[in-house]
Amino acid sequence: RLEQASPHAREIAGLAAAVGRDFSLDLISEAADLDADTVMRSIDELWRQRIICEQSTGYDFCHDLVRDAAYASVSPPHRWLLHRRLAQGFELLHAGHEDDVAAQLAEQYERAGRPDRARRYYRRAAELAAAVFANSEAVRCFRRCLDLTSRQPTGRGRDGEELDILLAMAPPLNAIHGYSSPKLQETLERSAHL
């Protein structure tokens, strides 16, 4: 079905697949390297071919396998560019309100090869999740942040950042697993070591 689409529609399908979930016309239009009319015609073509479906918040692929196929059709270097454009699109559309999309920004920047920005947004997403007692999401984001931090060159800066993350992650871990949790113990022991 994707091969029957026009080149512009396939390009938009690849960009939409890089979002990873439902997407808005504003985001796709902001991130695409095409004019708004071409983006709209491409989205319309994909909708008419039942590749994408209308959702309450925008559009999404009609099936996860179609999304996977659209993403697989994009070369790895081009994926890097798409994720960078999407991250920049999120920042432009949510200027001043980046907290609303911190987790999406983190994921896009991680895939775009910008671990510095990804760490910052994962950290913010984790803090926001912990503030509303979404402890599992907070721990997930803190762990992604830790993973990216561990890839930095060793030194005081990295150790300090890791310590801050571990200390912030301890309360959500405690809420999920309790005081006697081996995961919490490991986190606290690493914190004490640092």
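Is Cys62 buried, partly exposed or exposed, and at what relative accessibility? At 33% relative accessibility, Cys62 is partly exposed (buried is under 20% relative accessible area, exposed over 50%, partly exposed in between; 1.4 Å probe, protein chains only).

The model is predicted: local features need pLDDT of at least 70, side-chain atom pairs count only at pLDDT 80 or more, and totals for chains, interfaces and linings use all residues. Residues are numbered from 1 along each chain as its sequence is written, and side-chain values use heavy atoms, with hydrogens and water left out.

One disulfide was found in the whole structure (a pair of cysteine sulfur atoms within 2.5 Å). Cys53 and Cys62 form this bond, with sulfur atoms 2.0 Å apart. The S-S torsion is about 120 degrees, so the disulfide is right-handed. Cys53 is partly exposed, at 25%. Cys141 is buried, at 0% relative accessibility. Its sulfur lies 9.0 Å from that of Cys145, the closest cysteine sulfur, which is too far for a bond. Cys145 is buried too, at 1%.

Three aromatic pairs are present (ring centres of Phe, Tyr and Trp, its six-membered ring, within 6.5 Å; planes under 30 degrees apart are stacked, over 60 edge-to-face, the rest tilted). The Tyr109 and Tyr121 rings have centres 6.1 Å apart and planes at 5 degrees, so they are stacked. Tyr109 is buried, at 2%. Tyr121 is buried, at 8%. Phe23, Tyr59 and Phe61 form one aromatic cluster.

The charged end of Arg120 sits over the Tyr121 ring, 4.7 Å from its centre (NZ of Lys or CZ of Arg within 6 Å of the ring centre and within 35 degrees of the ring normal). The charged end of Arg79 sits over the ring of Tyr71, at 4.6 Å from the centre.
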